Amino acid sequence: MLGQTIISLLPPIIAIALALITKEVYSSLFIGILVGGMMYSGFSFSGTLEHVFVNGMVGSLTDGWNVGILVFLVILGAIVMLMNRAGGSAAFGRWSVEHVKTKTGAQLATIALGVLIFIDDYFNCLTVGSVMSPLAERHGITRAKLAYLIDATAAPVCIIAPISSWAAAVTGFVDGANGLDLFVRAIPYNFYAFATLAMMVTLALGEFDYGPMRAAELAKKLEEKHSHPSITGADDMPNPPVSSKGKVMHLIVPIIVLIVCCVVGMIYTGGFFEGETFVDAFANSDASVGLMYGSAVALIITIIFYLATRVLDFNEVMNAVPEGFKAMVPAILVLTFAWTLKAMTDSLGAKENVAALVDSAAHNGNDLLMCLLPALVFVVGGFLAFATGTSWGTFGILIPIVVDVFGANMGNELMIISISACMAGAVLGDHCSPISDTTIMASAGAQCNHVQHVSTQLPYALTAAGVSLFTYIVAGFVRMWYVCLPLSIALMVFTLLIIRSMQPKKA
């Protein structure tokens, strides 16, 4: 069974390894897709072509959820380009110089904004990126570090927010119980999310980095000398015309409108205007459709706002919209390949094999193994999400298994810890994987080279994972969140301080 599991996960493993080795994501993903297609078809030429392009690529691009996300991406790219052309981003950059004096302050401001936008991880990545890019540039924060801050305040924050698209996804996988109640009870045991937040604050206050991120920070001046990307990422117009009439409000107003419209769009899809409560509407919402509705309305309001304030004329607005679409083409291409690779992995039975492996270990274990179940679920969830690039798919596989192991005993604290470990492992894998939607969105939001973002973020994520794994082992025996959660945060800070003390004094 273990051999079948490894074979079914071979295509994403090959793609991820090639991406990290070659530093080129498009060809690496496509090679992984071809390997999956050949394995599925028995190395038949026509069968491989049909499975890759018809079942894989076309199937992914005709999926309603995926199309909604692509439309949201395109519209958000247009809004970001409009904000840049209107001078809102430049005005915010000038304002930030006066009010945010230090690099530490800029990082803390980015973290705070990321925590506040907890509704959805896609929305978080692109919104925080568009708002904080000018501030990051002003204070010498590399695009790799900005991408890490964006990514680390996306999924890790959404997974501990009861009102979010992630909470809705998790509750949907729990049968026979109040899923939202289980989600809330599992929040204090989500050690990876809290350890990640503690790590970001400690690194910012301590003013240090390590691993590839430190090398990227030290190479900031060389990077600036040889690379001059625009905030929007429009390669054909590296210095697009910016209105001299732009003010901070031309950045803030569209962002606020976007947040409000997307929240309304999500609760609309959940039946809020048909009598459902706000919480139930979120639990039943369709994030893809809601974000698409909200961003479309926000784009219309933004265009009207810019025309009314005469910061842009009609021709300038219409010219900016397709440029925003162009800026999102790299992210759309990577997402399309990532979704196709997931389709290849699913067709090889990866989910079923992993589910059978975990189910067998859980049902056949002794008392000691049951105490170690949270740690086991955390590791398996992290590996599965890393290989497949999907947190929500990992929830769908492992949470029903955990619930089934404990049966009707919904009050069992070990079950709550195990469910939280599943969510934490899924976020860990999502955080590390080059083919994860959220990781791709974070790269797009920060306009960072995708492979650079993955390689610089990986040591940070693995450090938090090590702390979390140790804490899950302890939690399996102690089973008290008010002991284990402070332990994980304190251990995270202590670990980082040790790493800092081992840094060479000179660069």
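**View A. Leu485 in helix H28.** Leu485 sits in helix H28, which spans residues 481-501. Helices (H or I, at least four residues) and strands (E, at least two) are DSSP runs, numbered from the N terminus. This is a predicted model, with residues numbered from 1 along each chain as its sequence is written. Local features need pLDDT of at least 70, side-chain atom pairs count only at pLDDT 80 or more, totals for chains, interfaces and linings use all residues, and side-chain values use heavy atoms, with hydrogens and water left out. Leu485 counts as buried because its relative accessibility is 11%. Buried means under 20% relative accessible area, exposed over 50%, and partly exposed in between (1.4 Å probe, protein chains only). Beyond its neighbours within four places in sequence, Leu485 contacts Pro188, Phe191 and Phe194. Contact means heavy atoms within 4.5 Å. The C-alpha atoms of Leu485 and Asn190 are separated by 8.2 Å, although the two are 295 residues apart along the chain.

**View B. The chain as a whole.** The chain has 28 helices and zero strands. Of its 507 residues, 56% count as buried. Among contacts with a separation of 6 or more, 80% join residues 24 or more positions apart. The chain exposes about 19700 Å², with 67% of that supplied by carbon and sulfur atoms. Accessible areas come from the Shrake-Rupley method with a 1.4 Å probe; for residues, only the protein chains shown count as cover.

**View C. The largest nonpolar core.** This core has 152 residues. Ile159, Phe395 and Met423 have the most contacts inside it. Helix H25 (residues 413-432) gives the largest share of the core, 13 residues. A nonpolar core is a set of buried Ala, Val, Leu, Ile, Met, Phe, Trp, Tyr and Cys residues joined through side-chain atoms within 4.5 Å.

**View D. The second largest pocket.** About 480 Å³ of space lies in this pocket. Of its 23 lining residues, Trp65, Lys342, Thr390, Trp392 and Asp437 are the closest to its centre. On a 1 Å grid over the protein atoms alone, a pocket is an open set of points where a 1.4 Å probe fits, with protein on both sides within 12 Å along at least five of seven lines; lining residues have an atom within 4 Å of a point. Helices that each supply at least two lining residues include H5 (64-85), H8 (121-138) and H26 (437-446). H20 gives the most, with four residues. By class, the lining has seven nonpolar, eight polar and eight charged residues.

View E. Ser60 lies in helix H4 (residues 45-61). Not counting residues up to four places away in sequence, Ser60 touches Asn66, Trp339, Thr340 and Ala343. Lys145 belongs to helix H9 (residues 143-152). With the residues up to four places away set aside, Lys145 touches Gln107, Asp209, Met213 and Glu217.

**View F. Positive phi at Phe43 and Glu207****.** Phe43 is not a glycine, yet its phi is positive, about 65°. Phe43 is placed in the loop between helix H3 (25-41) and H4. At a relative accessible area of 62%, Phe43 is exposed. Glu207 also has a positive phi, about 55°, and is not a glycine. The loop between helix H13 (191-206) and helix H14 (212-218) holds Glu207. Glu207 counts as exposed, at 63% relative accessibility.

Conventions:
Points joined across faces, edges and corners; volume = space filled by probe spheres on them. Nonpolar A, V, L, I, M, F, W, Y, C, P; charged D, E, K, R; others polar.
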